[in-house]
Amino acid sequence: MKKMLALVLSLMLVLGVAAGASAVTLNLSEVHVDGYPTTLADLEFARLVEERTEGRVSIEVYSNGSLYGEETGAIEAMQVGDLGFARVSASPVASYVPALNAIQMPYLYDSSEHMWAALDDPEIGQKMLDDIQASGSGLIGLCYYDSGCRSFYLTKEVHTPADMAGLKIRMQNNTMMVEMVELLGGVGVTGIGPNDIYQAIMTGVIDGAENNWPTYESKGDYQAATYYILDQHTRVPEILLASELALEDAGVSAEDIEIIKQCAKETQEYEKEQWRLKEVASEEIVRANGNTIIELTAEEMELFREAVQPLYETYAADYTDVIEAIRAVGETLE
C-alpha cells in the first residue's frame, strides 16, 4: 500500500511539474486607460488566447502606461524579450519597417472605410504585418486596431499653416510626423509620453499636440488645449505586437503561436466597434465642455495638403506602388 501511494504521489508530482512547465504568463503593455477601445480589445485578446490554448498561455494586460509610459520603451522591451506583447501605434514601428510610412501618409485616406479596405487587403495591410516579422526586429505584427483620424489640438485658434508658425507641438517619435508639423510651420517636440501631454501644455512646455477624439478626451488634454482643429491629417492604425524572443523564452509552441495570431485577428472587428462607440461619446464630452471645434473650409484644407506634399517625395518615393494601390482601393468604394 505504501509503495502504491508513493507511486501515485510521484506520478502526481511529475504531471504537476509538466503542467506547470507548459503554462506561461506573458505581459501586455497598453498606454491607454481602462475602458479605452484598445484596452478593451487587449482584454478580449487575452481572454481568447487563454480559452483557445486551454490555459497554456495567459496574458496579463497592464493599461494606463503602468509598465511602459512610452510605446517606444515597450517595443525595446519586446526586442530583448522582457515583454510579451504591446499595443502600439504604427508610427514607431515604421522605424523598423519603413514601408509602414506609406499607409500613414498625410491626407491619404478619404474615410475610415477607405483605410480599413486597404488594411484588410492581403497585398497591402497583411503584407505590412508580415514585413514586421521579416524585418529582423524581433517583433511579430498580429493585427491592426482602429485609432480614428488625428487632428491638432492647440491653445490658440488655427485655420491655415501660417497660423501654426512657431507653435511647439508634441509629436510621436517618428521622423516623418515631426517633419510634417515642421512643414506646416510648427515645431515638432518628441520625448513626451501620452500621459505627460496635459502637464506639458499647462506648464507651457508645448502649445498642443495631435490625436483622435478619444485620446484628446480620455487623457484630459481637451481641458488644457481647447482648440481642436479638424484637419484630419492622418489615419494611423494601431498594431498589436508580440515578441519573438519572449515567446521563445517562454517555450510557447508553434501551434499556440498560430492560435495567438488567430485570436488577435478576431479582435479587430470587436475593437472597431468599441472605437466607433467611444469616438461618438468623446466628441459629445468635448463639445459639451465648450471647446472650440474648427472645421476647415475646402480652401483651408488644400493649404494643409499642399504644405505636406514634400513628404511624399521623401518618404513614399520607394512605395509609390503602395500609395497607388491604396488610392485605387478608395476608388472602388466610390
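Tutor: The model is predicted, so local features need pLDDT of at least 70 and side-chain atom pairs count only at pLDDT 80 or more, while totals for chains, interfaces and linings use all residues. Residues are numbered from 1 along each chain as its sequence is written, and side-chain values use heavy atoms, with hydrogens and water left out.

A pocket here is an open set of points on a 1 Å grid over the protein atoms alone, where a 1.4 Å probe fits, with protein on both sides within 12 Å along at least five of seven lines; lining residues have an atom within 4 Å of a point. Points are joined across faces, edges and corners, and the volume is the space filled by probe spheres set on them.

The lining consists of M105, Y107, L108, Y109, D110, D231, Q232, H233, T234, R235, M301 and R305. Two or more residues each come from strand 9 (227–234) and helix 12 (298–307), where helices (H or I, at least four residues) and strands (E, at least two) are DSSP runs numbered from the N terminus. Strand 9 contributes the most, 4 residues. By class the lining has 5 nonpolar, 3 polar and 4 charged residues; Asp, Glu, Lys and Arg count as charged, Ala, Val, Leu, Ile, Met, Phe, Trp, Tyr, Cys and Pro as nonpolar, and the others, Gly among them, as polar.

M105 of this lining also belongs to the largest nonpolar core, of 59 residues, where it is among those that touch the most other members, with L100, I132, F152, M164 and L241. Helix 7 (residues 175–183) gives the most to that core, 5 residues. Such a core is a set of buried Ala, Val, Leu, Ile, Met, Phe, Trp, Tyr and Cys residues joined through side-chain atoms within 4.5 Å, and buried means under 20% relative accessible area, exposed over 50%, partly exposed in between (1.4 Å probe, protein chains only).

For comparison, the largest pocket holds about 280 Å³. Its lining has 13 residues, with S112, E113, D146, W275 and E279 nearest its centre. Helix 5 (112–119) and helix 11 (254–288) each give two or more residues to that lining; helix 11 gives the largest share, 6 residues. The classes there are 4 nonpolar, 2 polar and 7 charged.
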